[in-house]
Amino acid sequence: MDRTDPIIKLRGIDTRFGSHVVHEGLDLDVYRGEILGVVGGSGTGKSVLLREIVGLQKPSAGSIEVLGVDVRTAEEDERQALEARWGVMFQDGALFSSLNVRENVEVPMRRIETLDADTRAALADLKVSMVGLPYNAGDKFPSELSGGMRKRAGLARALSLDPEIVFLDEPTAGLDPIGAAEFDRLIHGLSRSLGLTVFLVTHDLDTLHATCDRIAVLAERKVLVTGTMQEMQNVHHPWVHEYFHGPRARAAQSSAAAPDRNGQE
Ligand SMILES: Nc1ncnc2c1ncn2[C@@H]1O[C@H](COP(=O)(O)OP(=O)(O)OP(=O)(O)O)[C@@H](O)[C@H]1O
């Protein structure tokens with residue numbers, strides 16, 4: 001991870017819904033190649049922050065720079081070029097139900113006019129296999145897939161244009177523990193092999209242990225603290241302490257320390 005090169009830079013973010021203040025003076029840097037886990041209590045504004053970074057929502061104040069571009073003031077063509085450099089996966093995969101998996105993965109590729117239909121389909125099949133879906137999954141419709149497969153298909157679509165950054169909103173929510181662990185390994189493996197930067201909103205302590213290089217804790221309307229899992233153990237803030245020392249944290253820690261089912265460390 002190159003700490004001199006933040007590819008996402010948030011400064012002084014304020015987010016208000018009427019009188020409800022969600023963020024106030026929030027700052028955050030995300031570095032190229034890292035997997036950053038964003039945690040915080042319910043309603044602390046993790047998903048809203050993700051949506052603000054990708055331009056789906058506007059903060060009340062502050063600046064958001066992604067890959068050197070100011071998301072809030074960029075011209076339309078600059079914004080579109082930027083959008084091609086990131087991929088987003090929402091909780092349930094957010095697939096189009098009337099399109100099969102291959103066609104879903106092809107959607108972002110349609111902006112490249114020089115790609116013919118056969119090449120698009122072949123590239124989509126490549127992405128489908130990269131996320132570990134079976135070879136025939138491209139022909140299936142979202143309703144024919146399990147929750148875990150839908151998430152993989154959503155990830156394949158996020159990877160459609162070979163992005164530099166992937167945003168994941170609660171990727172393991174709703175998965176059984178084995179499916180969640182497989183998804184964690186997939187994210188970690190893809191990030192390392194493709195050099196992807198991952199911005200990951202989660203409640204899942206196992207995911208933090210298995211995948212994240214750094215963690216950012218949202219509390220008191222800002223990023224209260226950032227650091228490694230190890231560094232989180234020594235933060236003396238009531239929520240942070242409870243989260244990283246509670247019974248679930250202890251269970252996640254001991255399962256992360258144990259060899260996994262395949263005998264790998
Ligand atoms: N469009 C909106 N209008 C009004 N309030 C909103 C809107 N979007 C989000 N909020 C509020 O902003 C706060 C933060 O929401 P957000 O979904 O980001 O929380 P979160 O940290 O992701 O929570 P969780 O962990 O429960 O998913 C919540 O109180 C939510 O009700």
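User: Where is aspartate 162 found?

Analyst: Aspartate 162 belongs to the loop between helix 5 (147–158) and strand 7. Helices (H or I, at least four residues) and strands (E, at least two) are DSSP runs, numbered from the N terminus. Residues are numbered from 1 along each chain as its sequence is written.

User: What makes leucine 67 partly exposed?

Analyst: Leucine 67 has 16 C-beta neighbours inside 10 Å, and therefore it counts as partly exposed. Leucine 67 sits in the loop between strand 4 (61–66) and strand 5 (69–70). Leucine 67 is not a glycine, yet its phi is positive, about 50°.

User: How do you know that strand 6 and strand 7 pair?

Analyst: Two strands pair if DSSP finds at least two bridges between them. Strand 6 and strand 7 have 4 bridges, in the parallel sense, so they pair. Within these strands, glycine 87 is opposite valine 166 of strand 7.

User: Why are strand 6 and strand 10 called edge strands?

Analyst: They belong to an open sheet of 6 strands, with mixed pairing and the order 6-7-8-3-9-10. Strand 6 (86–89) and strand 10 (222–227) each pair on one side only.

User: Which directions do the partners of strand 9 take, parallel or antiparallel?

Analyst: Strand 3 (residues 35–40) runs parallel to strand 9 (residues 214–219), joined by 5 bridges. Here glycine 37 faces isoleucine 215 of strand 9. Strand 10 is antiparallel to strand 9, again with 5 bridges, and alanine 219 is opposite lysine 222 of strand 10. The hairpin of strand 9 and strand 10 has 2 residues between the strands, and glutamate 220 has a positive phi near 55° there.

User: What makes up the surroundings of the ligand?

Analyst: A residue is near a molecule or strand if its C-beta atom, placed from the backbone, lies within 6 Å of it. The residues around the ligand include Phe17, Val22, Gly40, Lys46 and Val48. Helix 1 (residues 46–53) gives the most to this shell, with 3 residues.

User: How is the ligand shell divided into nonpolar, polar and charged residues?

Analyst: Ala, Val, Leu, Ile, Met, Phe, Trp, Tyr, Cys and Pro count as nonpolar, Asp, Glu, Lys and Arg as charged, and the others, Gly among them, as polar. The shell accordingly has 3 nonpolar, 6 polar and 1 charged.

User: What is the confidence in the chain?

Analyst: The chain averages a pLDDT of 90, and 95% of the residues score at least 70. Over residues 261–265, however, the pLDDT is below 50. Where pLDDT is low, the predicted coordinates should not be read in detail. The model as a whole scores ipTM 0.96 and pTM 0.92.

Key: This is a predicted model: local features need pLDDT of at least 70, side-chain atom pairs count only at pLDDT 80 or more; totals for chains, interfaces and linings use all residues. pLDDT is the predictor's confidence in each residue, from 0 to 100. Two residues are in contact if their C-beta atoms, placed from the backbone, lie within 7 Å. A residue is buried if 20 or more other C-beta atoms lie within 10 Å of its own, exposed if 12 or fewer, and partly exposed in between; C-beta atoms are placed from the backbone.
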